[in-house]
Structures are given as structure tokens and as C-alpha cells.
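Open the model in your viewer and keep the selection panel at hand. We will go from stop to stop, and at each one you will hear what to select and what is there.

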Amino acid sequence: VGGFGEGGSETDAAVGMVYATGGTGDDSFNDMAQQGVQQADEEFDITYDEAEPESVGEFEGAQRDFAASGDYDLVSCIGFAQADALSGNAEEYPDQDFIIVDAAVESDNVRSYNFDEPAGSFLVGTLSALLTGTEFAAGNGETNPDESVVGFVGGEESPLIESFQAGFEAGVEHVDSSVEVLSSYVGDFNDTASGQETARSMYNDGADIVFHAAGRTGVGVFQAAEAEGRFAIGVDDDQSVSQEDYADVILASMVKRVDEAVFTAIESVINDEFEGGETERLGLEEDGVETVYGQSIGDQIPDEITEEVETTRQAIIDGEIEVPQEL
Amino acid sequence: MSSGLSRRTVLGAVGALAVLWLVAGLAFPDSWAGALLSIAASPSTHTAMLRLAVPIALAAIGGIFAEKSGVINIGIEGLLIVSAFSSIIVTFWLGSGGSTLALSHHWWGFAVGVLASTLFALIFAVVCIDFKADQIIAGLAVWLIALGLAPFASRIVFDSPNTAGVGRFQNVTVPILSEIPLLGYLLFDTPPQVYIMLGAAAAGWYLLNRTAFGRWVVASGENPKALDTAGVDVRRVRYAAVLLSGIFAGLGGAGFALGQLGTFAGGGETAIGGRGFIAIATYLFANYHPIGALGGSFLFAGLEAMQIQLQNLGYAVPTELIRTIPYATVIVVLVFVGKTQLPEAAGEPYDGDEE
Amino acid sequence: MNDSGNDRNPRSQRDLAVHLDGITKRFPGVVANDDVDLRVERGSVHALLGENGAGKTTLMNVLYGLYEPTEGRVVVDGRERAFDRPRDAIDAGVGMIHQHFMLVDPMTVAENIAMGNEPRKWGGLAVDRDRIDREIADLCDRYGFDVDPSATIEELSVGAQQRVEILKALYRGADVLILDEPTAVLTPQEVEDLYGVLEELTEQGKTIIFITHKLGEAMHAADRITILRDGSSVGTVDPAGTTREDLAELMVGREVLLETGGEPVETGRPILEAENVVVEDDRGVELVSGIDLEVRAGEILGVAGVDGNGQSELIEAITGLQTPDAGRVSFDGTDVSAWSRRQRIEAGMAHIPEDRHEQGLVMPFDLVENAVLGSQRSPRFARGGRIDWAGVRDHAEDVIGTYDVRPPDADADAESFSGGNQQKFVVGRELERDPELVVATHPTRGVDIGSTEFIHERLLELRREGKAVLLVSSNLDEVRGLSDRLAVIYEGEFVDVTDPAAVTEEELGLLMAGEQPDDRSRERPASNPADGGER
Amino acid sequence: MRDDLERLLERLVHASVLERLVISLAALVAAILVGGVLVFVSGAFASCRAGLDIAGVTFCYNPMQVYYELFLGSLGHPLEGGWSPMNYSLATTLRQTTLLIFAGLSVAVAFRAGLFNIGTQGQLVVGGLVTAVTVLFAAPYLPGGFVGTVLLVPLGVLAGALGGGFYGAIPGALKAYADANEVITTIMLNFIATGVTATLLSRWFQDPNSANPQTRAVPEYAEIPTLPGVGFSGRMDFSLLALGFAVALMIAIAWLLARTTFGYELRTTGIQPEAAAYGGVDEKRMTVASMTLSGALGGVAGAFWVLMQHGRWLENVPDLGFDGIAVSILAGNNPLGVGAAAFLFGVLDSGSSSINTSTDVPPELVGVLSGLLILFVAMPEFFRMIGRRFVDTDAAPARAAGGGADE
Ligand SMILES: Nc1ncnc2c1ncn2[C@@H]1O[C@H](COP(=O)(O)OP(=O)(O)OP(=O)(O)O)[C@@H](O)[C@H]1O
Ligand SMILES: Nc1ncnc2c1ncn2[C@@H]1O[C@H](COP(=O)(O)OP(=O)(O)OP(=O)(O)O)[C@@H](O)[C@H]1O
Ligand SMILES: [Mg+2]
Ligand SMILES: [Mg+2]
């Protein structure tokens, strides 16, 4: 039984997307992956289908649905939580090509993409620490030079999110150990209201800039920045674009180029160049993670600060700075 | 015989503890007590408390009407979800920032949110009153339907369980009054949904205690047959009470959505996240008193606001545990103040024809 | 509407306040009223007499608009009416005081009286509470009532609650007042007061219909009596021209023996002893304040009293349904104060509970499942945690057979049996335990005369077998007829333990109302110091 | 002929177990109808490349396709070529069925005792963690291989039952001794279970090699074994043995309720507490006991979730406990009905991923459907009314939903 008016047509490639829990529309991680496949859709003649499992237990089945049908040239598994499920499925379907983002699965038909989130977070930590000490006003926000406080809001506690926190705190510490970091978890990636109140309380405690790794909850952080006239830093994609309403308080975003990873993988499949069994480490050097300054106010950040951030970036790439990977 | 403690004793004990805390906190500002005190005393805790109290207080007041009339509405959480979601989506459709017929689109969205919640309450009323459904089960169903429907609709419109953002209500500052020390910033410089909450609590109290309708609601929950034989249509009273619970919950959900959320996240437990259930605990705690429910919602919202701040202090308490404080408090409150007397006929469908 | 104020002409055929013409009311499976005619003259007291289930309440519910008649006409004040709901009846000047009071306990007297008819002020935005208080005061003046409008119902005595009900009807401008078994819960003195009120009301032109199944009351208070049997009217009589026996026969359809009784039996060892039992409610108010009692083998100890004077709590303390706050209960010489309800059942304490619907039977269970209630752990029916359902079924069928439970269907749910048959089953189950002691609370309440006789017979038989029986009842004929010794309970204390044969109904009435009769005779003084009257 | 039919229908309307069945089926049909309309209408708001045009409006979704995917997709599309009964979709369906039988029994047992246990979810979360931790702790001390399976699986299940039982006993005791409404306390305890287990996990039990919040994996031999030769491969995370155990437990619970003293006392307490007290049942103890049993069943659900599906405990526990409420309600709280209801919800669960991948309709539809299903099950009066239109019967006394009979 088909849908209304459905018609099949031959294409260069069919892609199955299995998103991380939380699903598309998070304006960050999953949406980035989706942008990758959409970009491929625009540039090549492909079709793609999407699965948005709601819990970790559903990954296995979602991956398998694609793989077992044999209709897909590539199955993209977005998110570290899919690793366990994929290691089984890769073995079961040796002829199916997979990619996985944010984890490493060792199998000949899987290509893994890993991002160096701590390093990316380290850089926005550096940026925040440098700014909180200076007098700076842009868009709808301004810093309070008397207080040297910054904040971090996490979604649910998990080793991954804690690695964002670890990198961020280390970045702040690297610049000025007297800058205080307030860190807090909302316990939910969807609780905008608590995200807002959490960030508000940070701003009220003197924070000038709050960095979030909290999915949808992060929208609350931007709202709080807006309401309190302070700054926020986004995550995963350039949130000054995806959350345009808050562009005048978003200094920068710690971008993970998930879209790049997905796009290049699809491209390689179309060109018959797909190589499994490898793990690509996407760090600062590969531009896999980067600091993208806000569309609207990013260019007002003093040059000496952005230069300092760039110096730090180079130092990390050169191995002069060791970035902690966990708390 | 009486195993529990009386409400009065418990309130007394809580009061004594509070005084002890105050003294300890003032004497040793660096201690736990002092830190907690500074959090509790901080204006940002208070304003956060007021904002977070909105959905809890309004849903609780709504719940009071339904349950007092004999219909236990455990689906209040669903009503909050429905009103929050529909107010956002309607504002989005109309275009946030604009206005139609001299009323800003936010207020149109707000009105539709209340309407949607009332409509759901109407379905619940039909099912419980006319079809004599088990109220707990029907309430649960209302919650589950709302829990599925909001992200379902959102995915169709936005291709995502989350809606787009629509901006939020601005604070409304009452000139002069907002200058009053202590109370001014709290009560007279605050977003509109807080005024709505305060007004609704007063209105709810008046309606329940001072009008004939309010007395009928009480009678319908205690002894519907008495009301029936006094010539008042129990069915109509119950319908009205359940619809009222929809209106109040709608005010809470839409106010919270447009005043606080500015967007609706439909994943997981949604952006409402169980606040409707806290509301039920709140009105039980308040023993069905609308003003008491307002106070109770301050307690729970205050705890939520405090746990947020507590994390910032960086004490080495696991954040996951701190977050359970409000829930644990609900249990403690129920256990010690739990002598709430359910209305005699609550939960029973009324059948006028039966002996 | 109220055009006939003092126009008293009881003999005029024309001046009928109410005329029910050929009323038939069918429920699924039951014809509750079958072509009933009722003519009530203005300004008269008209009694509606009949056994339980005869259809009295149903008929009045039809008049009050609660039920729609299947057939027939309702004529009030000479006009035919079709009442859809009580509101319509109220508007036509009909008020009803129900068998179970229709009052909202946590609300005040004033709120109850005005309910549904609240005067408004501020354009309907508020209730004019002053006006309610004023009008209640007026009514109280007029009819000589004394109630506090700001008291809550739960604070009031039953008699006072009844007066609130009457006020409620009057407040609505009722000209016809229906009282459904108004005396069931009253002391004899309160009953006298009620008669006074009725007289006052008829003098002011009101018409009274009052339902009862007590012959004496109908004879005493009514101007006319209509007798219902099995849903049909079997006649309307003038009390002056009939005897109690005639009435009883009309009511039951056969000749009735109005006396029971038993020849004295040798009493044995004490089976049940209670010392200084105290039971408090949640708020610490004493409901039972230090009662002592003793029941010997072969003896029936009766406890008389108006409902709500602590008898329920006393029985619960004895049967183990409630832990007394002080005192000691011994059973067959053993202190059982700390025993659970189950231990007491197993030791041989049978209990016919006050409320068969709530306690004695699990309504949605069939009789087989009900037959094992209380014995579910006894070795007779349960082995290794398993219930021997085949054995239970046999037992249930025995009880059904022996106690003439009708219909004799063990697989039918308890709720599908009539009250009397339910009671017979409970009585049978309890007595077949082969108990040492039977605690029977209102064993014949709501049970028709035939079944009542049967249950009485069984209790007397037990006594003959040398068992001990503790009998609690508010039915004076019953306790007087069956008991060897009779205690009267008032406000949680025994005010007297006496020989039932030596005390008159009037004296009992006074005792039950908490007053001491002047010349009381006590032939057989109580064997224990239970005379708590002076305490 | 017509008379016979009428009599049959009449009997159906009267007999309580049959009536439940008919009502549950009718509720299912009603929910499917309403859901279908919802799908069709919402298709007008969606955008699609091609759809059904009616009067200028494009309807994107075909309800028939949705239900085809939902019901047949969950069985692995048996009507299409190359179907094998041991397919993954069916394994998913049966896995969910197995887990939901435990969860449904948990809710049903409490329900029959007159308690509304919304807390099965929390009991499952706690029980699952206790299972995982116990097995992880005990495994090094025990031999591996077959012996390990024989020792560790029962140990793990027992540990889960104890953990869940303890967590269920809390609201039971609060209800019995402090009169705290169990609906509220269990809802709160669900939140608390999430917080407490998350804390325990991050403090002590986190798998150091994973960025996922989860414990280490239990040894392979400690997972529920699959039947060799017959049935589903281990990769499908489903074991027929587990389903067999669930069915056996279901029958055992039905037997317990119908045939034993404890079951009799439990049912009596649930229907009429006063009568139970009169019959010598200690109501407080029964409240605690039945909540403990209920919690233990929830814990067993958690244990199987750990030992059958993941081989470890994950912080993100799916909403099996809440689905258990739906299952129990649909089954009229009858343990034997729980099996059928669990299968239906297994189908819904597994079919939702089929909807997700094969159609454009949002899979949240399934949540709406189960909500509708419960709503309709809650109003038997509605179907009786419809029934009476077709059969003119002297209706039996209306009975409240919730306390369905056993036999
Ligand atoms: N709602 C009803 N549905 C079915 N049967 C009913 C209903 N109400 C009353 N009956 C039946 O009608 C008959 C008459 O009942 P009714 O209550 O009028 O008796 P009554 O004379 O008032 O008895 P009592 O002295 O016990 O109050 C009884 O058989 C009763 O079971
Ligand atoms: N609400 C009701 N719905 C249906 N049937 C009813 C209802 N109430 C009573 N009945 C039925 O009516 C019959 C008479 O019931 P009721 O208890 O009023 O009898 P009764 O006349 O008081 O009997 P008894 O004299 O034995 O106490 C019974 O068969 C009972 O099942
Ligand atoms: Mg009767
Ligand atoms: Mg009657």
C-alpha cells in the first residue's frame, strides 16, 4: 500500500539517515546532519529517507530497517549513542555502507567521523574569558567589566556533554584562572523554561557570557541573554543564523561540521570512492570544529581578542596546549 | 487513631525550622544555611519563582474546580501542553509581532490557546460526565493524546517536534507602584502572565467561595444528590467546572508558552515537563483553596528556582540529585500534610436516575 | 400559587393538594409502582405505609420529579403537571425530605437551605448572605425552630439536620411536604417533637405526606393512611377506624405475629468481656468512653441506642475492626486486645455487620466467592495458600439452601440479590462458622417481616445452643423481644443495663435520649459494674 | 435467525469478560477510525510532492498506507515476498510484547488491589539498574559459559525484582501508613528514580569506555539465551525463552489472583476495602504487599530490558512503564488479557518505526493512537449505548470499569 501519488524514480544514490534522539529541529546537531544531506540533495540526484528514533533502544531497528531493505547506498548514523547498535549491524550487513558521526566503529563497511569537541569548547572558553574582563557592548548585550564570570549550561549529564564542559572550563582557566565558571545542567534537552531560568540566574550572578551544550534547552539560554542584556555562545551550528531572533546576543558558536561529514560521505558514495574501516578525526586542524562568530555582532569583537583566539587555536593544533578530554 | 499530624502542627514545625535556618544563615553566612539563605533572599530567585509558578498555579486552580465538582482531572498536564502548543502555533501562523483588530498576535494566540484547552476539557467532560468514564483513566488518556498530538502537529508544520520561536511577552511595568520597595519589582514589574495568575487566583477564590455557582460546585462534589434534589442540574454544574478547569489550565499553558517559552519543544515530556502533575500535588497540598494553591505553587516554583541557583554555587552535590528536590518535597508535603479530604463524591459519575 | 392559606376543609373532595392518578413506574425487571392512586387533601397529614421495597419512595420520587412515571398523571393543586426534574416540583410548591438527608455535610446550614435558590446581589455576582440569614430567622420564628444558620451540617444532631431539611423545603415555598421515613433515625422524644412540627405545619396550611413502615406512627400522626404492597395500592384508610392488626395484614398480605421471644436458658461461662473500652476519632473526641460489658454463653445481651452513639465503634473494637484507644477485650477467658481481626475470626467470633453492602458482602463477587469471606485462611477452605473452590462452592450452596436465599443461584453476583436475601446469606455464612460468639448489628435493618422472623429465630436457636450473642439494634421491639439483658448506649456510655421485660418503651426512649426515667425498676441488677450513667 | 443473533449479542453485552473483550475491540476500532481521520486531515497541512487533490486541497497522507505499515510492518510485511517469520520487525514486536507483559502485569496487580501504580516506570528503571549492577558484580566470581547463564540470569532477574519491589514498596508504605495518594507519589517517584539512578551511574557505574550514559556490558553469557536452532538470532535482542517466561508468569499471576488466599484478599481489598477488613485482611499490609509485588514485576521488566535487549543498563530508559498502564487498562486489568494487549502495543511500538521509515507521517501518531485507545476503553458506557441501539436489551446493572473479573 503506497502513499497518495507516490512514484519511484531512479537516482544516483539513496541515503538513509538515522538521527540522534531528540530528532531534527534541534537547531543544532541533528539539523546540521540534515543540512548535509539536503545539500547533497541539491547538488546531486539523490533520494533520502529519515528515521528519528526516540530512544537508544530504537537505533538498532532503525539502522536495520534501512540496511535490510537493500535499497540504500549509504546509511548515516548520527550520534555516539548509535555505536553499539551499529557494530552489530555492520557485521550483519557487510555489503551495506555506513557512516557514524561522533563515535568510532571498527568495521570495513563503516566510516567513522569524530569531532574534537573539547578543543572547540576550549576556544570558546578562551573567547569568553577574554571578553568578560573587558568592557564590551554589541547588539543587545554588554559585559560587566567589574565581574569576571562566565557560565556553561548543559543538557543531560553524560560523558559527551561533560567533555564540552571540561574543554570550556580549561579554555577559561588557560586565559585567566581568576575568572569564575558557573556550570549547571538542566537535565533535559527540551526544557526551554528551565534553560532560561538557569541562564538568568547565571547572568544575575554576574556572568557575562554563557555557553550552552543543551540542544533545545539552549534556546532558553539565548532568551535569558536577551532579557538580561548579556551574551551567549551557541553550539553545533551557527546559531546566530538558525536562531536568528537572538542573533544580537549570540557572540559566536562552537560549530561542529557534521554537515560536511555527511556531505562528503555521500559525495564519495556517488563517486564510488567510499572507504570504510577508517576513522576521521575532525579537529581544529581539519576545521571539523571551529569558532564561528555571530552573524550580527561577531565582527564587533575586538581584533586583539579574535587574534588571541586564533593563536590559541594554532597552539592546540601544534600540540603546545593539551586540552582535557573529560572532567 | 490519628496516625498523621495535623496540618497546623506541620506548618508550625516548618515555621520553626525556617526561623532556625534564618538565624543560622545570618550567623554563618558561609555555611550551607547561609548560602541557601542568600539564594532564597535573592530577587532573581523571587522573579524566577513567579514566572515558574504560572503554569502550576493556574493549572492547580483549574484542577480545584474540576475536582471540587466531583470530576478528578488528572489530565491537566495534557491541557497545559495543548494550550501552550496551540498558542505558539497560532501566533506563528498569524505572524509574531503583528496585530489584527488592534490586538497583537500574541494575544490572539493566547486566546486560541485557552480555547483549545477548553475544547479538550469539553471532550474530557463529555467522556466523564455523559459516558461515565473512569476519570483517572480518561485523564491519563487526555495527557497521552496531548503528549502525542503536539509533536505530531509540530512535525507536520515545522518538520520537527519543536516549533519555531515567536518571541515573548514583554514585562509590564506599572508606574509608581513598581517603585515600592521589596514588592514593587515582584508584583508590578513583571510579564503579563504573572498578573493573570495573580488575578485568576483571586477570581478563583471569589468564584468558589462567594458565588452561588461556587457553592454548587462544592455540593456537586460532596453530595450531588443533594444538589440535584435542590433543583440544580448536577450535570451542568460539573460541565461548567470541568470547562473552567480547561480555561484556567489554558491561561496557565498559553501564558507560560507566550510569556516564558517563546517556542514549544515537543520532544520527550515536552516543554511542560510534568508541571501539570506538580499542580495536582499543589492543590491537594493547599486543600483545594485557590489562594493556598497560589502559595503552594510559589513553594514548588521557588524550590525549582533555588535548585537552579544551588547548582551555580558549585557545591559538590550531584546535579541530578538536586533536581529531584521539588519532587521529593511533594512527597514529604503529602505525607505530613496529606490529610487532604477528597470530596465525598469525587471520582464517581453521577447518575440522577439511580437510587 | 399559595392561594389556600388557611382554607381548611379536609373533607372536601375537591380540595386535593396532590392527586396521583394511576401511576405506574417500571424499572428494568421491576415494577416499582403499579397503577397507584393517591389523593392527598390539603392541610392534612397523609401516611404512606408499606414494607421495604413496596414502592413508597419510588412513588414520591415520581411526585418530586426525580422519576418520570411510566404511566399515569400527576396533579398538584388541581393542575396536571409533568415534572422533569425536582426544580419543576419545587416551583409547583412540592418539597421533599429524603430518607437519606440531602444535605452537604461540610457546608453551613444557611448554604444548604438556600442551595439552588440563592438570592443574589451586585447584579448576580454575589450571594446575598444577609438576606438568607434573615429569611431563615423568619421561618424559625414562624414554625418555632431553633437552628444556627452558620453551623455546618456535620456539627448538628440528626434531629437538627432533619429540621434543616424541613426548613430547606419551606424556604423554597413548599406547600406540600413529603417526608420519607422521617422517624427512622430519631429518638422517641425527637419523634414527639417532629409530630409537634407536623401539627404546626398543617395548622399553617401545609400538606404533609409521610412515608413509614411503622404501624404505630401512621396510626398516631396521620389523618389518612394509604397502604402500598408490592407496588400497588391496597387501600386508603382512616386511622380512627382501623386497628394495628388490620393495617399489618394489609401491609404484609397475611396475618402477622407481632411478638417474638424465647424461654429463659441456663447461662454459662462468660464468653465476651470488655473492660473500660475507649475509642476516639481522628480528632481525639471520645466516641466510646469506657464501656464495660459481659456476655455469657447462652445469653443475648442487647444494646439499644440511637444510631451514632458509639455502638458502631464499640462493635468494631470488639470484633477487631478498630483498635481501641484504651481498655481490654477478653474472649473466652483470653485477653484478645492485641489480636487482629483475623485471629478473632479464627477464634470463633462471628459478626453480622451493620452494613452488608460495604462490609458483609463484596458486591461484585458471586455468592461462592462471598461464602469464603473471613474464612479465606481457615484450614477448612485453604491449604498451602490455595483456596479449595469446590469446597467453598458446596458450602455456599449449603448456606443458600439452609437460609432460603432466593434465587438459589450461587453464581449470581451479590449485588443482584435483594437486601433481605443478601442479609440472609450473610447471617447464614456467619452462623455456619460454628461460632462461640455472634456479634449482630442491626441484623434485620431493611429486611422484610418474613426474613426478620427467620433471622430472629436463628438467633434464639443459637442462644439455646449455648452460644453468646451480642445484639445491637435501634429497633426497640427487636432488642426488647430477644435480649436477656438490655444495655442502653448514649454518647459512648452505657446508661443502664436492665431486664428488658421490666422496662417500658417510654423509659427506654428516655434512656436513649440521655435522660433518666424517674422510677426505674431493675429486677435483675447487672452482674458487672456497667452502670455508667453516673460516670 | 435474527432472534438467535440478537440473543447472542445480548449475551455478549451481559457477560462481563466477553463484554470487556468486545469493548476493547470496539475501542481499538474507534481509535483507529479517529486516528485515520486525523492522519487524513493533517495531510492537508503537510507539504508533499504529490498527494490526493480534493477541491483544491492536497492531502498528503494515506491512512490506509499508515495502518498497513503499522500493522503489517510490525510483522515484517507478511504479504510481501520473501517473508520469514523470524524477521527483525517481528522480533521487535515480540520483544516489546515480552517487556510490556511484565510492565502490564505490574500495573494490573496494583490495579486489582485498588491502587493506581503510575510508578511502574520508576520501578523498572531502578530494577533494571539493580539487575545490571548485580550481574556485573557477581559475574567475576562465577564461572562463565552455560553455568554462568544458569546462575546469572536468574540472579539478575531476582535482583531486578527485589530492586523494583523495594521501590514499589515505598509508595505502598506511604499510602498505608501516611495516607499519601499513590497516584501522586508514584509520579514523583518516577522523577526521583531518574535522578537517583543517574547519580549512581555517573558516580560509580558509568562505563568508562563510552560517552553514552550507560553501565558496562554484562558478559554475553549473562544475557537471556536464545533458543538455538529455532527462533530469532541473538542479534535481534529477542528470546523466545523470555516470551515463554513472560507468558508463564502471566498465567501464574492469573492463578495467584483467582485461586489463592493472597489473590482473593488482594482482589477483595481492591473492590471493597471495608469488606476486606471485615474479612480479616490487614489492609495496610495488603497495600504494601500488593505494591511490592507490582514493583517487583516492574523490576522484572527492567531486568529483561537489561538482560534481553541491551546487555547493559542505559540512562535513557524507554517509557515501558507508561505503556504498561495502557496495556493494563486495555486488558481490563485481567492478567490473561495483558498478553493480548501487550502484543497490540508491541505492534504499535514496532510499527511506529515502520511508519517512520516508510511514510512521511510523523510517528508521534502512535502516541496519539494509544491515547485515543485508552480514552475509548475508559468509556464502556459509550459502546453500551451504541450496542443498545442495535440490541434492545434490559441492560444489566452498569458496572464500573476497572475491576474486571478473572474467569
Ligand atoms: N432506580 C431503580 N432501578 C431499579 N429498581 C429500582 C430503582 N429504584 C427502586 N427500585 C425498585 O423498586 C422497588 C420499590 O422501591 P422503593 O425504594 O420505592 O421502596 P420503598 O417502599 O421506599 O422501600 P423502603 O421501605 O426500603 O424504603 C424495589 O423493588 C426497588 O428495588
Ligand atoms: N438500582 C437498581 N438497579 C437494578 N436493580 C435493582 C436496583 N435496586 C434494586 N434492584 C433490584 O430490585 C430488587 C429488589 O431490591 P431491594 O433491595 O429494594 O428489595 P427489597 O424489596 O428491599 O427486598 P428485601 O425485602 O429482601 O430487602 C432486587 O432484585 C434488586 O436486585
Ligand atoms: Mg430494601
Ligand atoms: Mg424507601
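Start by selecting helix α1 (residues 2–14) of chain D, which has the lowest mean pLDDT among the elements of chain D, 54. Then pick helix α5 (residues 120–138) of chain D, where the mean is the highest, 96. Here pLDDT is the predictor's confidence in each residue, from 0 to 100, and helices are DSSP runs (H or I, at least four residues) numbered from the N terminus. Over the whole of chain D the average pLDDT is 86, and 91% of the residues score at least 70.

Before moving on, a note on what you see: this is a predicted model, in which local features need pLDDT of at least 70 and side-chain atom pairs count only at pLDDT 80 or more, while totals for chains, interfaces and linings use all residues. Residues are numbered from 1 along each chain as its sequence is written, chains are lettered from A and ligands numbered from 1 in the order in which they are written, and side-chain values use heavy atoms, leaving out hydrogens and water. The model as a whole scores ipTM 0.81 and pTM 0.84.

Next, select residues 393–407 of chain D. Their pLDDT stays under 50, and the model has 33 contacts for them beyond four places in sequence; a contact means heavy atoms within 4.5 Å.

Now show chains D and A together. Which residues meet here? In chain D, 33 residues are in contact with 32 residues of chain A. About 2,500 Å² is buried between these two chains, with carbon and sulfur atoms giving 51% of that area; buried area is the accessible area (1.4 Å probe) that two parts lose on being put together, summed over both.

Zoom in on Arg312(D) and Asp84(A). They form a salt bridge, with the closest N and O atoms 2.8 Å apart; the term stands for a side-chain nitrogen of Lys or Arg within 4 Å of a carboxyl oxygen of Asp or Glu. The count of salt bridges between chain D and chain A is one.

Colour α3 (63–73), α4 (88–112), α11 (283–310) and α13 (335–358) of chain D: each supplies at least two residues of the side that touches chain A. The largest share, four residues, comes from α3(D).

For the last stops, show all chains. Among the five pairs of chains that touch, chains B and D have the most contacts. Chains A and C have no contact, and their closest C-alpha atoms lie 37 Å apart.
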